[in-house]
Amino acid sequence: MKKEDIKQEKITTDVLVVGGGIGGLCAAVEVKENNPDAEVLIVEKQTTGYAGKANKGGGVLQYFDLEHMNPMEFVAYHANNVGCFLGNQKMMLQYVAMNNELLDKLEGWGVKIPKKRIPTGPMTFIIGVDLDITLQMRKTAAKLGVKFMDKTTISDILTVDGKAAGAVGYSIIDGTFYVFESKLTIMATGSQDYRVAPMWSSARGDGIAACYRAGAEMRNAEFGNFMQLFRVNSNHECVFGENVMYDAWGENLTKNFRRFPEADISSSAVAEWYKTMAKGRGPVYLHIDENPQTSNEDMMLRAWDRPYGLRFWEIDFEKGATVDKDWEVIPGLVGEQSPVKVDDNMRTTLDGMYAIGDLSYDGSCAPGAVPAPPGRNRGSGILNAVFAAVVAGRDAAEVVKNTAQLSADDAQIEQLKEDAFAPLFRESGINAKEVISKVQDVMCPVENSVYMSDQRLEECIRKVEEIKPLVSQMKADDFHKMLECHEAEAMVLSAEMQFRAASMRKESRGWFLREDYPQMDNKNWLKWITVKDVNGEMTFDTENVPIEEYPIKPPVMG
């Protein structure tokens with residue numbers, strides 16, 4: 001293909017939703033329900049209804065028994081034990097208080113919500129939903145008049161005088177370049193998961209990179225280091241396995257970092273694995289018979305009537321079946337970096353653009369010092385996406401009524417088109433997978449991403465700096481490979497943000513662990529780290545957590 005052969009089309013809509021997973025679908029539906037006259041278009045690089053993570057995982061929703069608990073009770077628990085005072089307590093309170101409303105909305109939108117609730121951590125339960133949740137949402141969106149464009153990726157955000165004016169992208173089927181003019185844009189593209197763990201591999205950070213390049217600020221980028229325990233030689237993650245960890249000599253490791261079962265794994269369990277291996281006392285095993293949450297491996301799959309996903313789970317478990325009583329485990333990187341900065345209405349710092357779900361979970365500051373969902377709370381992933389979508393959708397439905405369409409200049413569009421297609425027209429270059437592999441090699445080791453130190457972080461930054469020049473050398477042979485180049489570029493950007501921000505935070509707090517700074521430092525680090533592109537330079541700053549405005553304070557300041 002020659003440059004002059006590229007087709008170009010312009011599409012105009014009132015609200016452009018980028019991403020057809022659970023967040024994007026719920027946002028589109030919420031806009032249409034509150035403003036039926038608004039034109040809403042979802043653009044998805046795969047297929048809306050099959051995209052995202054909600055239809056690939058365990059399919060659980062977080063549940064709070066609001067009849068027997070005050071939402072502030074959970075906010076207090078979360079602030080003290082999970083987010084460690086780095087969270088936006090007002091937003092967390094709103095999330096918990098809206099629990100029943102969100103479940104009712106999903107049910108009204110065609111999602112089957114079973115009545116059975118299974119307890120997980122303090123004050124929390126989970127409800128199992130089937131993996132067709134996003135297909136049901138697509139049907140509802142279509143009935144309301146939402147339009148869809150599948151197999152089309154958004155590469156960049158259009159801007160006019162510091163305001164979002166839409167986006168540009170291309171078909172991964174035939175390469176048609178699209179200019180999307182929109183009054184408002186809702187980004188729902190998910191987190192950065194570095195393409196390691198299969199269930200999360202669809203989250204590739206391209207939305208993070210597009211927002212960053214457009215000038216939107218990032219926040220809490222250092223919390224992109226979620227890890228889960230996986231069975232050796234298997235893709236099976238061992239949910240709740242941290243409750244029954246033992247070394248090769250049969251010594252209980254769980255007692256070293258956990259006093260009681262919690263809703264999800266903590267970074268201290270990952271650090272304990274690392275320290276055990278470093279002492280030469282590995283491998284680490286799970287004694288699964290000791291805990292009801294691990295002894296019956298497929299209990300969670302059959303606890304609810306979920307016929308759509310059951311056959312998939314059965315095949316998956318057959319592949320990972322083992323006769324071993326004890327399982328050898330290693331930590332596997334999931335990632336879950338979600339740094340796009342948003343306010344309480346999910347508005348980014350770029351006027352006219354929202355960011356929701358796993359794209360802005362930590363950027364919203366709601367969870368504090370943890371990576372995006374599970375965020376040490378099983379079931380919070382899907383429900384947080386619904387929460388953020390409802391908040392953004394309501395706001396956008398009103399704002400769009402008084403928002404005029406801005407038109408980006410032709411020079412900007414042409415430059416973004418040139419950037420998007422650059423890998424396709426290079427005469428030679430390297431494969432995107434080479435870049436992806438190099439980033440994974442730096443990001444995956446426990447001692448680089450979870451149990452960190454100044455020396456190791458500086459080495460990681462140096463290695464990322466060596467990878468960065470390779471971005472402009474990637475070569476694509478077709479449009480799918482072109483997309484892979486853009487995803488690889490996003491991985492490099494995300495890794496740099498994460499390591500540099502982690503190097504700044506000289507303390508341990510929540511999920512974030514520094515071997516050389518093992519204590520939480522409320523005197524110096526009750527702060528959020530922000531990141532912004534300033535004239536092509538990645539620039540870092542801090543914001544003080546407005547702890548004086550929050551009801552739950554640290555027990556000792558200083």
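How many bridges join strand β18 (residues 527-534) to β19? Eight bridges join these two strands, which run antiparallel. The structure is a predicted model, in which local features require pLDDT of at least 70 and side-chain atom pairs count only at pLDDT 80 or more, whereas totals for chains, interfaces and linings use all residues. Residues are numbered from 1 along each chain as its sequence is written, and side-chain values use heavy atoms, with hydrogens and water left out.

**The sheet with β18**

- Helices (H or I, at least four residues) and strands (E, at least two) are DSSP runs, numbered from the N terminus; two strands pair if DSSP finds at least two bridges between them.
- β18 belongs to an open sheet of three strands with the order β10-β18-β19 and antiparallel pairing.
- Its edge strands, β10 and β19, each pair on one side only.
- Strands of a sheet pair through backbone hydrogen bonds, either parallel or antiparallel.

- Strand β8 (residues 163-171) is mostly covered, eight of its nine residues being buried; buried means under 20% relative accessible area, exposed over 50%, and partly exposed in between (1.4 Å probe, protein chains only).
- Strand β7 (residues 152-160) pairs with β8 in the antiparallel sense over eight bridges, and aspartate 156 has valine 168 in β8 as its bridge partner.
- β7 and β8 form a hairpin with two residues between them, and aspartate 161 in the turn has a positive phi of about 50°.
- With strand β9 (residues 177-187), β8 pairs in the antiparallel sense over five bridges; here glycine 169 stands opposite tyrosine 178 in β9.
- The hairpin of β8 and β9 has five residues between the strands, and glycine 175 in its turn has a positive phi of about 80°.
- Lysine 163 lies in β8 and counts as partly exposed, because its relative accessibility is 38%.
- Leaving aside neighbours within four places in sequence, lysine 163 is in contact (heavy atoms within 4.5 Å) with Leu158, Leu350, Asp351 and Leu406.
- The C-alpha atoms of lysine 163 and valine 446, which are 283 residues apart along the chain, are separated by 40 Å.

**Helix α5**

- Within helix α5 (residues 133-143), the residues Ile133, Thr134, Leu135, Met137, Thr140 and Ala141 are buried.
- Glycine 145 follows α5 and has a positive phi, near 100°.

**Salt bridges**

- A salt bridge is a side-chain nitrogen of Lys or Arg within 4 Å of a carboxyl oxygen of Asp or Glu; by this rule the count comes to 47.
- Aspartate 193 forms a salt bridge with lysine 53, their closest N and O atoms being 3.5 Å apart.
- Aspartate 193 lies in the loop between β9 and α6 (206-214), and lysine 53 in the loop between β2 (40-43) and β3 (60-63), so this pair ties together parts that are 140 residues apart in sequence.
- Both aspartate 193 and lysine 53 are buried.
- In the salt bridge of glutamate 549 with lysine 90, the closest N and O atoms are 3.6 Å apart.
- Because glutamate 549 lies in the segment after β19 (537-544) and lysine 90 in helix α3 (residues 89-97), the pair ties together parts that are 459 residues apart in sequence.
- Glutamate 549 is partly exposed, with a relative accessible area of 48%, and lysine 90 also counts as partly exposed, at 45% relative accessibility.
- Lysine 341 forms a salt bridge with glutamate 217, with 3.4 Å between the closest N and O atoms.
- Lysine 341 lies in the loop between β14 (326-335) and β15 (353-355), and glutamate 217 in the loop between α6 and β10 (218-219), so the pair ties together parts that are 124 residues apart in sequence.
- Both lysine 341 and glutamate 217 are buried.
- A network of salt bridges links Lys45, Arg195, Arg204, Asp206, Lys433, Lys481, Glu484 and Glu487.
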